[in-house]
Amino acid sequence: MGSVSLKIGDGTARFRRTTVCSSAVNLLMLFSVVTTNLFALYAFSSHSQTNSPIHHSSNISLVSQHLSLILREIDSSQQKLAQMEKQILGYESIDLSRPNIVPELKLFLQRHQLPLGKDSRTGITEMVSSVGHTCEKSSDLLSQYMSYKAFDKCPDDWSLGQKLILRACEPLPRRRCLAKTVPKQDLSRYPDSLWRSVSNKSVNWSGLGCKSFDCLKGKKLSRDCVGCFDLGSEKDRFVKVKGKNDFLIDDVLALGSGKIRIGFDISGGSGTFAARMAEKNVTVITNTLNNGGPFSEFVAARGVFPMFLSLDHRFPFHDNVLDLIHGSSGLDVEGKAEKLEFLMFDLDRVLKPGGLFWLDNFFCASEEKKKELTRLIERFGYKKLKWVIGEKADAQVYLSAVLQKPVRV
């Protein structure tokens, strides 16, 4: 059986391998066997030296007491080591004995022995399904999410799954049910689909306040999505400058010396950046969550790639693989400096050396926020290819920049 290399906590299977803890148990068992044999040898030697029944009985009693003590110590050590291993691995943080835990969730989280036994290369013996550690704090919602009839249609509860994701219960458990579909997709052909209005029939509107795109067009769903479902007004973005903080796509691509091929957009829009990049033969994945609107389905209907995950999630890309990352005010998760720092380090991880980080109209709520962001960026040693700080009509300060990741050896 070949070796496996799967990451813990990214929604894939999790495996249990032979660890330092299990090695300690083996050493303890070996010590107990040797000790038992020594006591037995001592008992027999004492017996050979005297034929007294009293001494014989005393020696047997002494050996029995020591043997019982050793067995109790072994049992106690095994329990402690097992508990330590559970805490280190984290896959048993959810108490499956609770009465509100549904059978489907228990089945999902059970350990499963590898069918061919222990893997000779990695020492893996069991496979355990992964689920976010903070799901323990939302066990009632998680059980509700997992309450469905296996091999049947899933409940119409995508919004419940997103609620769990926003509570950091991610990745969600796998589900043995069939997701709801819409009766008719009514999609346009690519590349016309990039700028053709998306049909209301292409979207599952359950769990949303609006039930049509006309309802969404005039809404401000976030700082980065003001009427972003109106493709008529979106068509000018990135190709026409409205203020000094706006950069043109052609200008930014020129800074990449023709080496921009794949990118990641975490600006929280409706896929317009990815659509514009698609016209330049650059593939861009758009991070989406359906907060107030059907962003994921809308982006997909335009013919570009949506990825449904929160910014708290470690991005599912290998190190140094992206040529471009585009982000805006949505990077400032809950306005907490620590969260922005964690996010920036992960963005730096997936961006390749020489790659571009396009910070597009980042809202600086205060002078301190601007300094905080500037200090954080300078820690990475990025080269400032563009750097503009200016005010918009709302008299609020915004930062736009194009930064180039250095080579680190």
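Predicted model: local features only at pLDDT ≥ 70, side-chain atom pairs only at ≥ 80, totals over all residues.

User: What does the secondary structure of the protein chain come to?
Analyst: The protein chain has twelve helices and twelve strands. Buried residues make up 43% of its 409 residues.

User: Why is serine 329 called buried?
Analyst: Its relative accessibility is 12%. Buried means under 20%. Serine 329 therefore counts as buried.

User: Where is serine 329, and which residues is it in contact with beyond its neighbours within four places in sequence?
Analyst: Serine 329 sits in the loop between strand S9 (322-327) and helix H11 (337-350). Leaving aside those neighbours, serine 329 is in contact with Arg223, Asp224, Asn361, Phe362 and Phe363.

User: What makes the approach of the serine 329 side chain to asparagine 361 close enough for a polar contact?
Analyst: The side chain reaches the backbone oxygen of asparagine 361 at 3.3 Å. The cut-off is within 3.5 Å. The distance therefore meets the cut-off.

User: Why is the pair of lysine 240 and aspartate 236 called a salt bridge?
Analyst: The closest N and O atoms are 3.7 Å apart. A salt bridge needs a Lys or Arg side-chain nitrogen within 4 Å of an Asp or Glu carboxyl oxygen. The pair therefore qualifies. Side chains of opposite charge can pair when their charged atoms come close.

User: How do you know whether lysine 240 and aspartate 236 are buried, partly exposed or exposed?
Analyst: Lysine 240 has a relative accessible area of 53%. Exposed means over 50%, so the label for lysine 240 is exposed. Aspartate 236 has 30%, between 20% and 50%, so aspartate 236 is partly exposed.

User: What makes aspartate 250 and lysine 280 a salt bridge, and which parts does the pair tie together?
Analyst: The N to O distance is 2.9 Å. That is within 4 Å, so the term applies. Aspartate 250 lies in helix H8 (residues 249-255), and lysine 280 in the loop between helix H9 (272-279) and strand S7 (283-288). The pair therefore ties together parts that are 30 residues apart in sequence. Aspartate 250 is partly exposed at 46%, and lysine 280 is partly exposed at 38%.

User: Where do lysine 370 and glutamate 367 lie, and why is lysine 370 called buried?
Analyst: Both lie in helix H12 (residues 367-379), three residues apart, about one turn of the helix. Lysine 370 has 18% relative accessibility, under 20%, so lysine 370 counts as buried. Glutamate 367 is partly exposed, at 45%.

User: How many salt bridges does the structure hold, and which residues are linked in a network?
Analyst: The structure holds 21 salt bridges. Arg261, Asp323 and Lys352 are linked in a network of them.

User: What makes alanine 168 and asparagine 320 worth a backbone note?
Analyst: Alanine 168 has a phi near 70°, a positive value in a residue other than glycine. Asparagine 320 has a positive phi of about 60° and is not a glycine either. Alanine 168 is partly exposed at 32%, and asparagine 320 is partly exposed at 37%.

Note on methods
Residues numbered from 1 in each chain as written. Heavy atoms only, no water. Helix = DSSP H or I, 4+ residues; strand = E, 2+ residues; numbered from the N terminus. Buried < 20%, exposed > 50% of the residue type's maximum accessible area, 1.4 Å probe, protein only. Polar contact = N/O pair within 3.5 Å; in protein donor to acceptor, adjacent residues only side chain to side chain. Contact = heavy atoms within 4.5 Å.
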